[in-house]
Amino acid sequence: MTTQSCVMIQKEWDIVAARQLGREIAKKIGVGTVDQARIATAVSEIARNIYLYAGKGKVCFDVIETIDQKGILITAEDSGPGIDDLSMAMEDGFSTSGGLGAGLPGVKRLMDEFDIKSEVGQGTQIKVIKWVR
Amino acid sequence: METIKLDLKHYKELLKSYIETQDEKSLYGAEQISKSFIKNNILPEEIVNLHIQSIIELYPDLNKEIRHAMNFLLETMISYGLAHQEYQTLREKQLELKSEISIAANMQETLLATTIPNVEDLDIGVISVPAHQMNGDYHHLVKSNDGLIGIAVADVIGKGIPAALCMSMIKYSMESFPDQSMKPKAILESLNRVVERNVEAGMFITMFYALYNPTDSKLQYASAGHEPGFYYYAEQDTYNEIDAKGLVLGVSPDTNYNQYELQLHQGDMVILLTDGVTECRNNGKFIEREEVIEVIKKYAHLPAQETVNQVYKHFERLQNFQLKDDFTLIILRKNV
């Protein structure tokens with residue numbers, strides 16, 4: 001496993017840096033153009049949530065390998081307000097209706113694996129994986 | 001995946017032929033392929049990618065500015081792809097809901113079913129059509145052991161599922177009342193208490209209840225704020241509003257209702273309805289109650305059931321076949 005690289009999210013520009021790092025790592029391990037764009041969009045969405053709702057946090061990237069596949073693991077962490085109702089946040093149409101973005105269901109669709117933990121008042125942790133096809 | 005590979009080859013060929021000839025045939029092919037994309041849930045970013053790959057294979061010397069521009073387009077498609085997937089999911093959910101509601105509507109139909117009693121001197125016509133799948137209007141006709149005919153017409157303020165649920169409650173409460181309390185006044189007073197106790201504030205029900213006695217041809221009735229019906233007096237050939245005052249059900253627990261009486265003669269008609277009939281809209285304007293009478297007059301020579309059917313058809317057409325509110329119309333005609 002390679003060393004983890006992280007981007008701290010505090011300003012809106014940090015979202016761009018996170019997108020870029022995500023795309024570069026994806027490209028390096030052989031992810032195709034369409035999936036690179038999907039990964040960048042997912043990172044963007046996750047980082048934007050941190051920027052908008054938690055104020056600050058970080059997005060980290062790992063290259064992971066199993067016996068038969070290789071992929072990129074993205075972990076986002078913040079110590080923001082947390083999400084009270086995860087089921088609702090994961091529901092379609094909840095965040096997209098106002099054109100706000102893909103929302104969490106969008107991130108889930110863009111990636112192959114998705115996991116989220118959140119505690120009100122403590123923060124949110126999101127882990128997503130995209131495998132190289 | 002297989003389809004994508006197949007489409008890739010086909011797409012490239014079509015694109016090539018179009019670039020070379022600009023013929024309509026290739027564009028027709030493009031139309032077919034785009035339908036195949038939709039059928040196979042191919043997302044827009046994948047189509048753009050397919051386009052990029054095809055054009056690079058066809059023109060390996062394509063300048064790099066154009067390549068970058070194509071990639072830029074691909075990026076802008078990602079969110080559209082997501083929106084498309086969300087739309088698909090929501091559509092599936094909507095179909096599920098629709099089928100659940102149609103099951104509920106069938107169940108409601110069974111629950112609220114009423115059969116028109118056979119009364120020697122009365123010709124009875126009934127029609128009740130919901131605006132949406134579930135009916136918020138309710139009507140019930142019942143013949144008691146002593147031969148009296150009870151006729152109820154009710155309307156929940158509001159429509160759709162909440163209204164329909166409410167109506168089932170009304171029906172079962174009415175059935176639980178003992179036979180001897182079938183006087184309209186007593187029925188409305190009892191129902192009022194049930195509604196007041198069980199239905200949330202802000203949901204109101206209007207009801208007209210009538211009791212016909214075939215032995216003396218008298219119709220007793222009471223109304224809880226219900227849309228007034230009409231009485232046709234055959235001898236004078238006049239239509240009058242059936243006058244009955246009373247508060248809607250569910251406002252206050254101890255409302256008292258007045259009871260009125262009508263003597264029916266041969267050829268007379270009693271017309272009961274809900275506001276779905278009188279509030280039919282023609283070009284956005286509410287029709288006048290007189291217009292309802294005009295339409296009824298037009299078909300009054302027919303048997304009662306045929307009259308209500310024709311009146312419904314008239315208003316259905318008037319509203320471009322999209323009812324704004326549940327529509328219930330009952331006609332009782334004394335024929336001897």
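This is a predicted model: local features need pLDDT of at least 70, side-chain atom pairs count only at pLDDT 80 or more; totals for chains, interfaces and linings use all residues.
Residues are numbered from 1 along each chain as its sequence is written, and chains are lettered from A and ligands numbered from 1 in the order in which they are written.

**View 1. Chain A holds four helices and five strands.** Helices (H or I, at least four residues) and strands (E, at least two) are DSSP runs, numbered from the N terminus. Of the 133 residues in chain A, 36% are buried, a residue being buried if 20 or more other C-beta atoms, placed from the backbone, lie within 10 Å of its own, exposed if 12 or fewer, and partly exposed in between.

**View 2. Helix α4 of chain A, residues 103–110, is mostly covered.** Six of the eight residues of this helix are buried, namely Gly103(A), Leu104(A), Pro105(A), Gly106(A), Val107(A) and Leu110(A). Within chain A, these buried residues pack against α2 (33–54), α3 (86–89), β4 (113–119) and β5 (123–131), and they also pack against α4 (64–111) of chain B.

**View 3. Chain A touches chain B through 13 residues, which are in contact with 14 residues of chain B.** Two residues are in contact if their C-beta atoms, placed from the backbone, lie within 7 Å. On the side of chain A that touches chain B, the elements giving two or more residues are α2 and α4 of chain A, and the largest share, five residues, comes from α2(A). The residues on this side divide into five nonpolar, five polar and three charged, where Ala, Val, Leu, Ile, Met, Phe, Trp, Tyr, Cys and Pro count as nonpolar, Asp, Glu, Lys and Arg as charged, and the others, Gly among them, as polar.

**View 4. Five strands of chain B form an open antiparallel sheet in the order β2-β3-β4-β5-β8.** Two strands pair if DSSP finds at least two bridges between them. The edges are held by β2 (137–143) and β8 (260–263) of chain B, each with a single partner strand, so one side of each is left without a neighbour in the sheet. The twist from one strand to the next averages 15°, with axes fitted as lines to C-alpha atoms, for helices over the stretch in contact, and angles running from 0 to 180 degrees between N-to-C directions.

**View 5. β2(B) pairs with strand β3 (residues 149–156) of chain B in the antiparallel sense over seven bridges.** Asp137(B) has Asp155(B) in β3(B) as its bridge partner. Helix α6 (residues 184–198) of chain B packs on the sheet, where it touches β4 (205–213) and β5 (218–224) of chain B, and the direction of α6 makes about 155° with that of β4(B).
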